[in-house]
Number of protein chains: 2
Amino acid sequence: MPAMRRALVVALIGLTSVVLDARMPRAVSLILTGGTVITIDAARRVIPHGAVAIDGTDIVAVDTAEAVAAGYTGREVVDTTDDIVLPGLVNTHGHAPMVLYRGLADDLALMDWLQRYIFPAEAKTVSPEMVRVGTKLAALEMIQSGTTTFTDMYYFEEEIAQTARDAGLRGVLGETIIKFPVADAKTPADALKRAEAYIAEFRHDPLITPAVAPHSAYTLERDTLLACRDLALKYDVPLLIHLAETQDEVRIIQESSHLTPTGYLESIGFWTPRVVAAHGVWVNDDDIAILKRQGVGVSHNPESNMKLASGVAPVPKYLAAGVKLGLGTDGAASNNDLDMFEAMRQAAFLHKLETHDPRALPAPQALELATMGGARVLGLQDAIGSLEAGKRADLIVVGTNRARQTPLYDPISQLVYATHGDDVKTTIVNGRVLMRDRKVATLDERAVLADARRMSGQVRQAVKPQ
Amino acid sequence: MPAMRRALVVALIGLTSVVLDARMPRAVSLILTGGTVITIDAARRVIPHGAVAIDGTDIVAVDTAEAVAAGYTGREVVDTTDDIVLPGLVNTHGHAPMVLYRGLADDLALMDWLQRYIFPAEAKTVSPEMVRVGTKLAALEMIQSGTTTFTDMYYFEEEIAQTARDAGLRGVLGETIIKFPVADAKTPADALKRAEAYIAEFRHDPLITPAVAPHSAYTLERDTLLACRDLALKYDVPLLIHLAETQDEVRIIQESSHLTPTGYLESIGFWTPRVVAAHGVWVNDDDIAILKRQGVGVSHNPESNMKLASGVAPVPKYLAAGVKLGLGTDGAASNNDLDMFEAMRQAAFLHKLETHDPRALPAPQALELATMGGARVLGLQDAIGSLEAGKRADLIVVGTNRARQTPLYDPISQLVYATHGDDVKTTIVNGRVLMRDRKVATLDERAVLADARRMSGQVRQAVKPQ
């Protein structure tokens, strides 16, 4: 066919499809319709009678219910009337398998807690099976409480990644490097080898972002910290680290380097924009300037910082400086749950108290930290964190019909100040419905709980006084 | 019958009944059996496979399941295997109908919040109907979250008392006296008259303890404060007051009297051991000594104090001084819920942070504050606050089977750090089952929520910018 005719035919086909588009709604896999849609998009749209159209793994439209109905038909349609539809919550710091140590030993001095309970329990119980059982329990709890992306620093991270992938969760999951012998590596060099093999295995996974997780500046030598950075740069993956969590940590680093932890890590050239620094409690204004300049993301963990009496991260200063900031729960041993709704509420409460100003960290900002803020911290801002066409379909549906949630004047206030994870009805990740009306589809709840209880017997045994 | 023979017959009857007692289990109205029973008795017994026998309004036995089975048969028996059975929670401060203002206006400066939202809403919407609708909603939420006794300071308190009684809740409910004209009284003198009539009506009620609620030292004249005290003394009822909640309050009292609020109230002879002082945030060591010496009870409201940025009450100092101390939620407009499990968790978190010591306010102490501590504050320590034979049967059954609560190493840690009000399955007050397996028996949930939503329309209208 001559070029001219071919061009004409192509143009006609194009025109026909435009006409068809205008008349025939596009068939998509799933539409959620009728609820209040909180987008967290650039305009911070809140659509009272809204809808989200999903096709495959992606969001294709976010608009009024009427507009979506005019443009799309869903092979499946979920009625979200009276519900709130929002981006899935992004947990930027934790240790998923530690749910198995939840409530094992509370209200202790930090060293007692670590040396008498957590370290012995870890030495005797961390295994591939333990991290699978623990991650399944954590995944169940996260899916049930509306977390769609979680961040992890633990051992046998490839098992955690496999388990999270099977459960359908999105994860930024880092293999821990630490200078002591641990369950999956005798030396940091061994751990780095494991980390590289793990990264190679998962680097193209649609759900799992593998990462390198050097434990902290005070539990690693300079060369290992830099080797971790190099490994992360080589594969362009995130680097997860604990930073300035306690005053003791600051003191230790000061004694050896005469610098703050943040300053020390800058002095050795550790920082890159892929770093996620957890806690960031004990930082001064210079440290905050370093974190901003280096593009480091910070994970704020208000509940863990309160329960362990670590201190208060200067969240208003981070926000004023434009540091990328998200929220985290930390491990369940120091929280004691993985509920990001509580992290939002606690962040809002804590910074009002700390600044003596009830206007500090208002509900919309707390919700932003738990969604887009977390996405930016993890480098996933183009894929998740808001409900926008073209992003992955990671979203949750929250019921609003309990006495505790009545009346409803402002959906964002209600989410932050009166909603629990238990109010989440439906959880969707990458377009897949992981939970529908509180029934988790990707995990056998009864078996997960039974396995966790069985494993808790071993944990109890491990910490028994001799 | 001669005295000797009569004595012999009496002795024989006595002996027979002892013998019968040993052989025939006593029939009682209700037995809860198989769960972990947390008694909060003097020995702080925790009975792993325990039971509670209830007859009519009273607890008749608290023991192992086997011992109770040997001594009692229940006309009704509830299997509490895998559950935790504990005293109902005691909320020592709040404003029940303010649930209707929940989430109406968050994240505002205190004066903005009060003057633009709460005062206009109260001026235009407080009515007998409004307090009935609000109290029903609050009662529903409290029954659903395991509160069995609540404390209240509001208007039309007789309506609140009637509604609480119908819902089956125990309450210490105070008619508010304040120097401004309010919905139910043009002057403090009017309010005092209303208070006296209300006290006369309810003073012999088995569930309701009527009280006088002078709002605070800074919103009442000296003579009215003393008239409130006299009225409370006349009927031997509690006196409920806000105390030293904000720095502004301290400043106002200092300016007029050169004393702290606590010192000022001592100087005028206000304090009696029946006073319940809410908040007690801004107190010095002398103030604490006064409160101890005068036998005043203090209600600590950690969530409200954080959300409104009021400050941190010196809870460890109160405890060290032996001041009677309980926990409260405050009204839902400044919390935003009535969940006493959150009050416990927040109290524990807040004082660990404040004292820089993770050992501060451990879980058993937080639970004690929410039960026996609250009972002592309200002067009800002989009737409620612990599970002991001879006390009223106010108790709750908490499920432990969620992912969030798994595994379970320590039931008290789990209650404080991982349990929500939503985990309460059964709520019993004065021997009456108010909720069974999450179904509330004494309120029509659907109607209560519908009425609250209808009323919220009026509230929204009341605060609309003109």
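**Exercise 1: a single residue**

B:Ala189 counts as exposed because 12 C-beta neighbours lie inside 10 Å. The structure is a predicted model, in which local features need pLDDT of at least 70 and side-chain atom pairs count only at pLDDT 80 or more, while totals for chains, interfaces and linings use all residues. Residues are numbered from 1 along each chain as its sequence is written, and chains are lettered from A and ligands numbered from 1 in the order in which they are written.

*Solution.* 
Step 1. With C-beta atoms placed from the backbone, a residue is buried if 20 or more other C-beta atoms lie within 10 Å of its own, exposed if 12 or fewer, and partly exposed in between.

**Exercise 2: the chain interface**

*Task.* Describe the side of chain A that touches chain B by element and by class.

*Solution.* 
Step 1. Contact (C-beta atoms, placed from the backbone, within 7 Å) joins 47 residues of chain A to 48 residues of chain B.
Step 2. Helices of chain A that each supply at least two residues to this side include H4 (128-144), H13 (340-355) and H16 (445-462).
Step 3. H16(A) gives the most, 5 residues.
Step 4. By class, this side has 23 nonpolar, 9 polar and 15 charged residues. Ala, Val, Leu, Ile, Met, Phe, Trp, Tyr, Cys and Pro count as nonpolar, Asp, Glu, Lys and Arg as charged, and the others, Gly among them, as polar.

**Exercise 3: the domains of chain A**

*Task.* Locate the two domains of chain A and characterise their contact.

*Solution.* 
Step 1. Chain A divides into domain 1 (22-87 + 393-438) and domain 2 (89-377), with bounds from an automatic or database domain assignment.
Step 2. Their C-alpha centres lie 29 Å apart.
Step 3. Domain 1 of chain A brings 20 residues to the contact and domain 2 of chain A brings 23.
Step 4. On the domain 1 side, H15(A) has the largest share, 5 residues.
Step 5. That side divides into 12 nonpolar, 6 polar and 2 charged residues.

How values were computed: Helix = DSSP H or I, 4+ residues; strand = E, 2+ residues; numbered from the N terminus.
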